[in-house]
Amino acid sequence: MCGRYAASRRPEDLVDIFGVGAWEPEETLAPDWNVAPTKEVHAILERPLKDAEDRRPVRQLRPLRWGLVPSWAKTPEGAARMINARSETVHEKPSFRAAFTARRCIVPADGYYEWVTEAGERELEEQGRRKRARKQPYFVTPADGSVLAMAGLYEFWRDRTLPDGHPRAWWATCTVLTTEAETGPLGVAPAEGPRSLADIHPRMPLMLTPDRWDAWLDPAVTEPELLQSLLRPPPEGLMRAYPVGTAVSNVRNNGPELLTELEGPEEGTLF
């Protein structure tokens, strides 16, 4: 899954990396080393500019709230539970299938955090049952230092309790797609501990390699077979993982020190 990640790149860098054609500097979000559900996050998407006569899609950098609210939802209360969508079933789930066809985005990150769990806890999680406390946190990031381009979907939801023109009348929200975690060796593994992403957690964010960005973002691409082909997991060995301090487990903690690599797991934690 992806329940917490880091996003510290400047918007100017994201504009260059993803070939963004439009963004509003006043909407710039501050660097965030502990992005949690329901926070606003940067996302790359393609759609016509608001109120523009030219209705051709433009690649944009936009702030979205993390936790998708379907357009038909009566309230946004379930947003915190909609931070992830399984790539295997996203095309058929009522909450996601419309966005999968027409409103896809990329959520850029430095990397994501995941907590190693015991085998018994992992089995409970896979069954959808409540787990005990998480253990040693790891930071997972591209081994070459590039941006982690996570496949996402976005939606718009109208708050009918507010009048037209109210600044919060419309919500723009997103979710991150996940896939089965890689079982092959990490590109760079820690000195001790997990040797693959699957050793850390059974799920991982779906990383899009640059050759898939254009098709994924293009709203004109609606063919089911092509879209399904974009959901293939990336080649193995592109990621590295390393242990970080348990301070990241508290969402109130934030700062670059959260990414500091430990020599090994903290005392009393797994591995």
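**View 1. Elements that cover the buried residues of H1 in this predicted model.** Cover for the buried residues of helix H1 comes from several elements, including S2, S4, S5, S7, S10 and helix H5 (213–217). H1 spans residues 11–18. Its buried residues are Pro11, Leu14, Val15 and Phe18. These residues sit on the same side of H1 because they cover an arc of only 105 degrees around the axis. Gly19 follows H1 and has a positive phi, near 65 degrees.

View 2. Strands S2 (22–23), S4 (40–47), S5 (58–66) and S11 (170–180) each supply at least two lining residues. S5 gives the largest share, six residues. By type, the lining has 13 nonpolar, three polar and nine charged residues.

**View 3. The largest nonpolar core.** The core has 31 residues. Tyr5, Leu64, Trp66, Cys105, Tyr112, Met150 and Leu197 touch the most other members. Elements that give two or more residues to this core include S4, S5, S11, strand S7 (104–109), strand S10 (148–158) and helix H4 (197–200). Strands S9 (137–142) and S13 (239–243) also give two or more.

**View 4. Contacts of Leu197.** Residues up to four places away in sequence are not counted here. Leu197 touches Tyr112, Val140, Ala181, Glu182, Leu186, Met204 and Met239. Of these, Tyr112 is listed with Leu197 among the core residues that touch the most other members.

Note on methods. Residues numbered from 1 in each chain as written. Predicted model: local features only at pLDDT ≥ 70, side-chain atom pairs only at ≥ 80, totals over all residues. Heavy atoms only, no water. Helix = DSSP H or I, 4+ residues; strand = E, 2+ residues; numbered from the N terminus. Nonpolar A, V, L, I, M, F, W, Y, C, P; charged D, E, K, R; others polar. Core = buried A, V, L, I, M, F, W, Y, C linked by side-chain atoms within 4.5 Å. Buried < 20%, exposed > 50% of the residue type's maximum accessible area, 1.4 Å probe, protein only. Contact = heavy atoms within 4.5 Å. Arc of directions from axis to C-beta.
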